[in-house]
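I opened this model to look up two things.

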Amino acid sequence: MNGFLQNAREQFAENGVGIAASEDFFEGEIERHVHTYLEMRLIVSGYAQLICRKNVELALAGDLLILTPGVSHALHRCAGLSSQAVYFTKDVYENLCAFIGEIPFRTGIPALGLYRVRLGGGASCECVGLMERLNAEQAERKPGWRGQMRATLAELLVNFVRSRGEAVERTAQATATKQAYAVIQYIESHYAQPVTALNIAEAAGASADHVAKRFRQMAGMTPLEYLRAYRMRHALALLQAEELSVHEVAVQVGVPDISAFSKQFKGLFGFSPRQAKGMRGGREQ
């Protein structure tokens, strides 16, 4: 992430627009960082823990975030996190505020921190299209590209304002987010044990079909897919860091059937558990 922060500053200096766009895919953790400009990020798929100052929230597919300057933030436990982002200076923001009007967070920018809205399917697709247009304008630099980048950012800000004003399914959103937290907490506490869709649904307080549907909408995968991915990522860490056999690791992550374990592991990483151990040495059996 720090590499792109430097790249964003270089883009501002080089292109004379004060706007930089990126398409990102994250796994693992993005260390805590601070920048002097604003960041708007749309979560396209996957999820992560978003840490803003001392607050921890779950960032999910369909979330549109604005982070203001000077605010310490990080992304932890990124799982298949695909996102589109645009970075812009305070001067650009203030000029657009004067042009657009009715921006609810136009004053006191440095102190405000995080603004967030959950978009419906249509609004999310529209924002993805606008973010992609920013990336294309930045890359192709056709005549009038600077003005087009400002206009596209203005359109994104208008969409953000309208989405906040509409209060899209706030009660349903809060319930779904709470259920998603419950699913993740249950899986991360019980992954080493036999876990079924019914177990997960009971932890989330809803039917298995409902939980699977809502979790997929928010995280881009079902709870059982998340369970498999979580187990295999933990297995990879054990294989590369511990003097354990492949079978011992399989048992520790809740998949004692070595054939099923190997199939799931290779399906996620593209190499076998034994090859993973070979990256650092150690026993294979």
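My entries below take the aromatic rings, then the pocket, then the cavities.

**Entry 1: aromatic pairs**

I note that this is a predicted model. I looked up ring pairs, taking centres within 6.5 Å as the cut-off. I count nine aromatic pairs by this rule.

I took Tyr37 and Tyr87 as one example. Their ring centres lie 5.7 Å apart and their planes stand at 85°, so I log the pair as edge-to-face. Over 60 degrees is what that label asks for.

Where do Tyr37 and Tyr87 lie? I find Tyr37 in the loop between β1 (19–33) and β2 (38–52). Tyr87 is in strand β5 (residues 73–88). The pair therefore ties together parts that are 50 residues apart in sequence.

Are Tyr37 and Tyr87 buried or exposed? Buried means under 20% relative accessible area. Tyr37 has 2% relative accessibility, so I list Tyr37 as buried. Tyr87 comes out at 0%, so Tyr87 is buried as well.

Next I checked Phe265 and Phe271. Their ring centres are 5.9 Å apart with planes at 70°, so this pair is edge-to-face. Phe265 has 0% relative accessibility and therefore counts as buried.

I also looked for clusters. Tyr191, Phe215, Tyr226 and Tyr230 form one aromatic cluster.

**Entry 2: the largest pocket**

Rolling a probe the size of a water molecule over the atoms shows where empty space is left. I turned to the pockets with that in mind.

The largest pocket has a volume of about 280 Å³. I find 13 residues lining the largest pocket. Closest to its centre are Gly28, Arg77, Cys78, Tyr230 and Arg233. I note that Tyr230 is also a member of the aromatic cluster.

Which element gives the largest share of the lining? It is α9, with six residues. I place α9 at residues 223–241. At least two lining residues come from each of β1, β5 and α9. By class I log seven nonpolar, two polar and four charged residues in this lining.

**Entry 3: the cavities**

How many cavities of 30 Å³ or more does the structure hold? I get two. The largest cavity holds about 70 Å³ of space.

Ten residues line the largest cavity. Glu39, Arg41, Leu67, His73 and Leu75 are the closest to its centre. β2, β4 (63–67) and β5 are the elements that give two or more residues to this lining. By class I log six nonpolar, two polar and two charged residues for the largest cavity.

Technical notes. Residues are numbered from 1 along each chain as its sequence is written. This is a predicted model: local features need pLDDT of at least 70, side-chain atom pairs count only at pLDDT 80 or more; totals for chains, interfaces and linings use all residues. Side-chain values use heavy atoms; hydrogens and water are left out. Rings of Phe, Tyr and Trp (its six-membered ring) pair if their centres lie within 6.5 Å; planes under 30 degrees apart count as stacked, over 60 as edge-to-face and the rest as tilted. Helices (H or I, at least four residues) and strands (E, at least two) are DSSP runs, numbered from the N terminus. Buried means under 20% relative accessible area, exposed over 50%, partly exposed in between (1.4 Å probe, protein chains only). On a 1 Å grid over the protein atoms alone, a cavity is a set of points where a 1.4 Å probe fits but cannot get out, and a pocket is an open set with protein on both sides within 12 Å along at least five of seven lines; lining residues have an atom within 4 Å of a point. Grid points are joined across faces, edges and corners, and a volume is the space filled by probe spheres set on the points. Ala, Val, Leu, Ile, Met, Phe, Trp, Tyr, Cys and Pro count as nonpolar, Asp, Glu, Lys and Arg as charged, and the others, Gly among them, as polar.
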